[in-house]
Amino acid sequence: MKFTRYPLLAAASLASLGALPACNDAKNATAAETAASSTAIAADSAETATLTTAGNATAANTGNTGSPATIPAAQRADAATITARPQVPILCYHQIRDWRPRDSKGAKDYIVPVEQFKAQIKMLADSGYHTILPDQLYAYLTTGAPLPSKPVMLTFDDTDLDQFTVARPTLDKYGFKAVYFIMTVSLGRPNYMSKAQVKQLSDEGNVIGSHTWDHHNVKKYEGEDWVTQIEKPTKQLEEITGKKINYFAYPFGLWRPEAIPELKKRGMDAAFILAEKRDQQDPLYTIRRIIASGYWSPRTLHNSIVQSF
Ligand SMILES: [Zn+2]
């Protein structure tokens with residue numbers, strides 16, 4: 001059941017990341033590399049340098065830059081300007097747990113072993129990355145608002161319980177915040193987060209996003225599907241968190257142009273895909289992310305960040 005969420009995603013995301021190493025190469029990364037005490041990797045890409053303009057990382061890390069609603073439409077840049085800005089690296093995680101014998105080769109892109117995850121996050125911290133949240137990204141893309149140095153956004157899809165029990169304490173260690181895209185059908189089920197845990201993540205300064213009711217492919221929605229998959233689950237998340245939900249992640253990263261007005265109608269200010277190309281007309285509704293694979297050492301992750309954004 002769980003695995004059925006992944007195959008499409010695997011094919012689409014890996015195929016579009018031609019610059020990335022093959023899984024087998026990444027898998028051979030040495031244990032020594034992963035275990036190295038300092039995993040700092042200097043970022044030297046021109047892109048990273050151009051989007052690091054702000055000095056006040058502490059204020060920026062709180063995410064208190066105001067919601068999209070506070071930015072008047074007239075002050076928002078057009079699509080071409082938004083597309084031209086350097087992209088902020090955004091990572092997408094699913095399960096954080098050790099591999100089991102029955103996990104397929106393909107599924108392991110979506111299952112990051114606990115120590116591998118900790119090493120990946122440590123590398124980001126040691127390398128000087130600062131996590132940002134969607135409101136900051138929105139303000140940056142639409143108005144050019146400054147971001148902290150070496151910004152990165154961490155996102156977690158599908159409501160898996162280990163995101164709360166493993167990822168959350170790991171991120172806390174470094175003062176990192178993240179976005180959790182919730183598939184509401186799973187709330188309270190075994191191995192998934194409860195409503196109370198989602199509320200706690202929100203209360204602790206993370207952002208809760210909408211990820212449909214039961215992970216159906218947006219390309220296939222018709223009629224009531226927009227209400228069932230987007231409107232109702234989003235309202236439920238707003239009731240749970242007591243906050244407006246502004247952001248959406250497409251299941252499998254798959255989208256179609258007809259979805260964008262439906263998302264706008266239901267209060268979404270931006271939506272996230274995977275590594276495919278952004279839409280030229282609506283780049284805010286096709287913001288790119290890469291899946292941080294379970295096969296990736298910290299160095300491979302870093303290379304992927306630099307190459308993909
Ligand atoms: Zn998903």
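First, some bookkeeping. Residue numbers start from 1 along each chain, following the sequence as written. Since this is a predicted model, local features need a pLDDT of at least 70 and side-chain atom pairs count only at pLDDT 80 or more, while totals for chains, interfaces and linings use all residues.

On confidence, pLDDT (the predictor's confidence in each residue, from 0 to 100) averages 85 over the protein, with 79% of the residues at 70 or more.

As for the overall build, the protein comes to 13 helices and 10 strands. These are DSSP runs numbered from the N terminus, with helices being H or I runs of at least four residues and strands being E runs of at least two. Of the 309 residues, 45% count as buried. That label goes to a residue with 20 or more other C-beta atoms within 10 Å of its own; 12 or fewer makes it exposed, anything in between is partly exposed, and the C-beta atoms are again placed from the backbone. Among contacts with a separation of 6 or more, 73% join residues 24 or more positions apart.

Two packed helices are described by the angle between their axes and the distance between the axes. Axes are lines fitted to C-alpha atoms, for helices over the stretch in contact, and angles run from 0 to 180 degrees between N-to-C directions. H7 (residues 114-126) and H9 (residues 162-173) have axes that come within 10 Å and cross at roughly 25°. The two helices are therefore roughly parallel to each other; angles under 35 degrees get that label, those over 145 are roughly antiparallel, 65 to 115 is roughly perpendicular, and the rest are oblique. H7 passes H9 in a right-handed crossing, right-handed being the case where the near helix is turned clockwise from the far one by less than a right angle, and left-handed the anticlockwise one. On the H7 side, Val 114, Phe 117, Lys 118 and Ile 121 meet Val 166, Ala 167, Thr 170 and Leu 171 of H9. This contact is made up of six nonpolar residues, one polar and one charged. In that scheme, Ala, Val, Leu, Ile, Met, Phe, Trp, Tyr, Cys and Pro are nonpolar, Asp, Glu, Lys and Arg are charged, and the others, Gly among them, are polar.

H7 also packs on H13 (residues 298-308), at an angle of about 55° and with the axes 9 Å apart. That makes H7 oblique to H13. The crossing of this pair is right-handed. Ala 119, Gln 120 and Met 123 in H7 meet Pro 298, Leu 301 and His 302 in H13, a contact with four nonpolar residues, two polar and no charged.

With 26 other C-beta atoms within 10 Å, Leu 124 is buried. Not counting residues up to four places away in sequence, Leu 124 touches Tyr 129 and Val 152.

Arg 288 lies between strands E9 (270-272) and E10 (290-291) and is buried, with 21 C-beta neighbours inside 10 Å. Beyond four places in sequence, Arg 288 is in contact with Gln 87, Ile 90, Ile 273, Ala 275 and Arg 278.

Most residues other than glycine have a negative phi. Asn 191, however, has a positive phi near 70°. Asn 191 belongs to the loop between strand E6 (179-182) and helix H10 (195-203), and counts as exposed with 12 C-beta neighbours inside 10 Å. Thr 212 likewise has a positive phi, of about 75°; Thr 212 is in the loop between strand E7 (207-210) and helix H11 (225-241), but is buried, with 25 other C-beta atoms within 10 Å.

Note on methods
Contact = placed C-beta atoms within 7 Å.
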